[in-house]
Amino acid sequence: MLFLFNDRVLMLTGNADVVINAGIPAAAVARYTLNDSILAVQTAIMDMPNLASEAPQKAAALAWLIASRSDANAILFIAPPKCRRPQEVGFRLATVSLTTLGSLKAQQDAGRLTSGIINTSVWQSAAA
């Protein structure tokens, strides 16, 4: 499954084991709600703003949590300067067509994916 996490298109594979292997306890995975999953991503982004690029396996695990609890296949999480609490990390979720995600993935693989392309293809469309 393709999943857009901020500025990276990730390929999500597997099941809850992906999340457990990323360090989230199995008991937590079983009881996490969508809100818990969002808070987990906010916490991770607060600690590592470029999570999707710097720790893609952890980002994929957190993306799996969001995807398994919603229809979203695209997320945008941004920590403001001087962020002090995870809840201050802003976020958006969207459901994007597979065609769009495939196009973004091809551009990423070719080294041509930019934030402008992502904004135009995903976030401006989601806002409409």
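This is a predicted model: local features need pLDDT of at least 70, side-chain atom pairs count only at pLDDT 80 or more; totals for chains, interfaces and linings use all residues.
**Helices, sheet and cores**

Trainee: Which residues in α3 are buried?

Mentor: In α3, the buried ones are Ser37, Ile38, Ala40, Val41, Gln42, Ala44 and Ile45. Buried means under 20% relative accessible area, exposed is over 50%, and partly exposed is in between, with a 1.4 Å probe and protein chains only. Helices (H or I, at least four residues) and strands (E, at least two) are DSSP runs, numbered from the N terminus.

Trainee: OK, what covers the buried residues of α3?

Mentor: The cover includes β1, α4, α5, β3 and β4. That rests on contact, meaning heavy atoms within 4.5 Å.

Trainee: How accessible is Phe77? And Phe91?

Mentor: Phe77 is buried, with a relative accessible area of 2%. Phe91 counts as partly exposed, at 37% relative accessibility.

Trainee: Switching to the sheet. What order do the strands have?

Mentor: The sheet is open, with four strands in the order β2-β1-β3-β4 and mixed pairing. β2 and β4 are at the edges with a single partner strand each, so one side of each has no neighbour in the sheet. From one strand to the next the twist averages 20°. Strands count as paired if DSSP finds at least two bridges between them.

Trainee: How do β1 and β2 pair?

Mentor: β1 (residues 2-5) and β2 (residues 8-11) are antiparallel, over four bridges. Phe3 has Leu10 as its bridge partner in β2, and Leu2 stands opposite Met11. The two strands form a hairpin with two residues between them, and Asn6 in the turn has a positive phi of about 55°.

Trainee: And how do β1 and β3 run?

Mentor: β1 and β3 run parallel, joined by two bridges. Leu4 has Ala74 as its bridge partner in β3.

Trainee: Which way do the β1 side chains point?

Mentor: Leu2 and Leu4 point one way from β1, Phe3 and Phe5 the other way, and all are buried. In a regular strand, side chains alternate between the two faces of the sheet.

Trainee: Now the cores. How many residues has the largest nonpolar core?

Mentor: That core has 30 residues, and those with the most contacts inside it are Phe5, Leu51 and Leu62. A nonpolar core is a set of buried Ala, Val, Leu, Ile, Met, Phe, Trp, Tyr and Cys residues joined through side-chain atoms within 4.5 Å. α5 gives the most to this core, nine residues.

Trainee: What is Leu62 in contact with?

Mentor: Leaving out neighbours within four places in sequence, Leu62 is in contact with Ile24, Ala40, Val41, Ala44 and Leu51.

Trainee: What span should α5 have?

Mentor: The 13 residues of α5 should span 18 Å at 1.5 Å a residue, and its end C-alpha atoms are 18 Å apart, which agrees. The expected span is 1.5 Å times one less than the number of residues.

Trainee: Last one: where does Met48 lie?

Mentor: Met48 is in the loop between α3 and α4. At 29% relative accessibility, Met48 is partly exposed. Apart from neighbours within four places in sequence, Met48 is in contact with Glu54 and Ala55.

Key
Residues are numbered from 1 along each chain as its sequence is written. Side-chain values use heavy atoms; hydrogens and water are left out. Axes are lines fitted to C-alpha atoms, for helices over the stretch in contact, and angles run from 0 to 180 degrees between N-to-C directions.
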